[in-house]
Amino acid sequence: SRPIFEQAKNVLKKLTSLGYEAYFVGGCVRDAVLSSPVHDIDIATSALPEEVVRIFTKTIPVGIDHGTVIVREGGISYEVTTFRTEGEYKDYRRPSTVAFTSSLERDLARRDFTFNAMAMDADYNLYDPYGGRDALKRRVIQTVGAAQERFREDPLRIMRAFRFAAKYGFSLEEETKAAAGALSYLLEKISTERKRDELLKLLSHPYASDVLASMQDLGVMNHLPGLNDLTAPHADWPALQSDSEKMALLFYLSSHKDCSGFLRDWKLPGTTAKQSEKIVSAMMRCSLPLSWHVYHTGISSAVSAFRTACAAVCVHSEDGIERLLSAYEALPIKSRTELPVSGSQVSALIGDRPGPWLGKLLQSLEHAVVTGVLSCSEEDVLHFIRRWKDERNPPSHA
Ligand code: ATP
Ligand code: MG
């Protein structure tokens, strides 16, 4: 009887009034039973994708051959998926074929864990053929069917099990846990992108540290790129605010020496990787004075690096972030373009073509201005440049 379900009921009712079956399924049912916040609602139905498209006015056929249609109703998007059974998982990719079925129970049977294999109808009746509610009560993660078989079918489920453990603080049921450890080598067959997405979700959850430690004990980390000997995975992971911060901390805790290689192995999008590298080098540098650090690193990377460094040692410091922000606010200039002279003007003043010397001169000029040694007036800046010229070419005393 939560507002989010009350609204979503309209979608179910429309389908059932036309003679189809329709249920809430997956994460939303699990979180409803747990009384946890529900973010998005997935619906399973006996209607075929083409029928779903016909019935609703606004739809996006995102994965029509896998049976999924996004339905937009009352300003909210719902994933509506036709009851299906999955074909083989060839080459450890998502199943290449799916077969639609008219049975809810068979649809629930293909799902990974018992608590993800529950359905709820528009009157909030729960369908729980695999004991999902009991698993939630016992706080355990248990596969639907034999764990070895289900993990062999799709080894990504091993990562998913740990992801749910990190979210709820549950433990893996014995057989599920043993199979996760024994078959973790199969993770090497799974695409890096799928593993990366699961890992990043895992790292945003409250119990991430404990779960990383148990993944290590079970040998799962040995089959994830660059994480075989993570030192002290104990960190304040949920404090991190972006994927680049998470990857920066992973690299920092790993025994890897080469940051860009590590990030490349995880196939991160270019911008995330770049940002991560910046954070890592800022964490290690954190050069003083503070004004130069925030100027040179940029405020967002400096804040990220500080937050990541704090998370690495499990301390929390709003003050530190405040200090960085006020140091940035107080900067006389925020970038080279705010200097009263341009590169080409400097080059003309010195009487030499631009070259490596120009970058060095501009950087010492920026450093002097940013650290308050020199004012940013045109007069002082010109004086600085002339002095530099004299030092470079001492006037000959013939
Ligand atoms: P979250 O709240 O984090 O989104 P979720 O349970 O909704 O959790 P999804 O990845 O969105 O997780 O998947 C939706 C549902 O699809 C799951 O609850 C599960 O029933 C099923 N599912 C997803 N991935 C798999 C998989 N690899 N194998 C079997 N079933 C899966
Ligand atoms: Mg979901």
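Student: What counts as a helix here?
Tutor: A helix is a DSSP run of H or I with at least four residues, numbered from the N terminus. Keep in mind that this is a predicted model.

Student: Okay. Which helix holds threonine 297?
Tutor: Threonine 297 lies in helix H14, which spans residues 290-297.

Student: Is threonine 297 buried or exposed?
Tutor: Buried. Its relative accessible area is 6%, and the cut-off for buried is under 20%.

Student: What does its side chain reach?
Tutor: The side chain of threonine 297 reaches the backbone oxygen of histidine 293, at 2.8 Å.

Student: Switching to the ligand. How many residues surround ligand 1?
Tutor: There are 14. The closest are Arg30, Asp154, Arg157, Arg160 and Arg163.

Student: What classes are in that shell?
Tutor: Ten charged residues, three polar and one nonpolar.

Student: Which polar atoms come close to ligand oxygens? Start with glycine 27.
Tutor: For glycine 27 it is a polar backbone atom, 3.5 Å from an oxygen of ligand 1. Arginine 111 uses a polar side-chain atom, 3.0 Å from a ligand oxygen. Arginine 163 also has a polar side-chain atom by a ligand oxygen, at 2.6 Å.

Student: How much of ligand 1 does the protein bury?
Tutor: 78% of the 600 Å² that ligand 1 exposes when taken alone.

Student: Which elements give two or more residues to the shell?
Tutor: Helix H2 (27-33) and helix H7 (156-168). H7 gives the most, with five residues.

Student: Stay on H7. Where does leucine 156 lie?
Tutor: Leucine 156 is in helix H7. It is buried, at 5% relative accessible area.

Student: What does leucine 156 touch?
Tutor: Not counting residues up to four places away in sequence, leucine 156 touches Leu187, Ile190, Arg194, Lys195 and Glu198.

Student: How far is leucine 156 from lysine 58?
Tutor: In space, 33 Å from C-alpha to C-alpha. In sequence, the two are 98 residues apart.

Student: Last topic, cysteines. How many disulfides are there?
Tutor: Zero, in a search of the whole structure.

Student: Are cysteine 259 and cysteine 310 buried or exposed?
Tutor: Cysteine 259 is buried, with 12% relative accessible area. Cysteine 310 counts as buried too, because its relative accessibility is 10% and the cut-off is under 20%.

Definitions and conventions
Residues numbered from 1 in each chain as written. Chains lettered and ligands numbered in written order. Predicted model: local features only at pLDDT ≥ 70, side-chain atom pairs only at ≥ 80, totals over all residues. Heavy atoms only, no water. Near = heavy atom within 4 Å. Polar contact = N/O pair within 3.5 Å; in protein donor to acceptor, adjacent residues only side chain to side chain. Areas by Shrake-Rupley, 256 points an atom, 1.4 Å probe, with all protein chains shown as cover. Nonpolar A, V, L, I, M, F, W, Y, C, P; charged D, E, K, R; others polar. Disulfide = S-S within 2.5 Å. Buried < 20%, exposed > 50% of the residue type's maximum accessible area, 1.4 Å probe, protein only. Contact = heavy atoms within 4.5 Å.
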